[in-house]
Amino acid sequence: MDTVNPDDIAKDQLTAFVERIERLEEEKKGISDDIKEVYAEAKGNGFDVKVLRKVISVRKQDASERAEQEAILDLYLAALGMQSS
């Protein structure tokens, strides 16, 4: 009867985790490269990439979080005499 060595199981599990992480890291790099290409394309079409990144960031926030940040920004700008309205 063969006995299973616990070290072999741990080694197999560790190897599987490492290989999965490596695959995901490679996929992440590919996606990151794709995103850079889209930003470059947008820039080539006349869009401001810095503002586009800000738009993406704002769209990730929920409405209440966005409203809170805008209110704080308005408060800070008013305190500095920089409010536009």
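Trainee: What should I know before reading the values?

Mentor: This is a predicted model, in which local features need pLDDT of at least 70 and side-chain atom pairs count only at pLDDT 80 or more, while totals for chains, interfaces and linings use all residues. Residues are numbered from 1 along each chain as its sequence is written, and side-chain values use heavy atoms, with hydrogens and water left out.

Trainee: What makes Glu25 and Lys28 a salt bridge?

Mentor: A salt bridge is a side-chain nitrogen of Lys or Arg within 4 Å of a carboxyl oxygen of Asp or Glu; the closest N and O atoms of Glu25 and Lys28 are 3.3 Å apart, so the pair meets that rule.

Trainee: Which other pair is joined by a salt bridge, with closest N and O atoms 3.0 Å apart?

Mentor: That pair is Lys29 with Asp33, and by this rule the count comes to two salt bridges.

Trainee: Why is Lys28 called exposed, whereas Glu25 is called partly exposed?

Mentor: Buried means under 20% relative accessible area, exposed over 50%, and partly exposed in between, with a 1.4 Å probe and protein chains only. Lys28 has 52% relative accessibility and therefore counts as exposed, whereas Glu25, at 43%, is partly exposed.

Trainee: What about Ile72, buried or partly exposed?

Mentor: At 34% relative accessibility, Ile72 counts as partly exposed.
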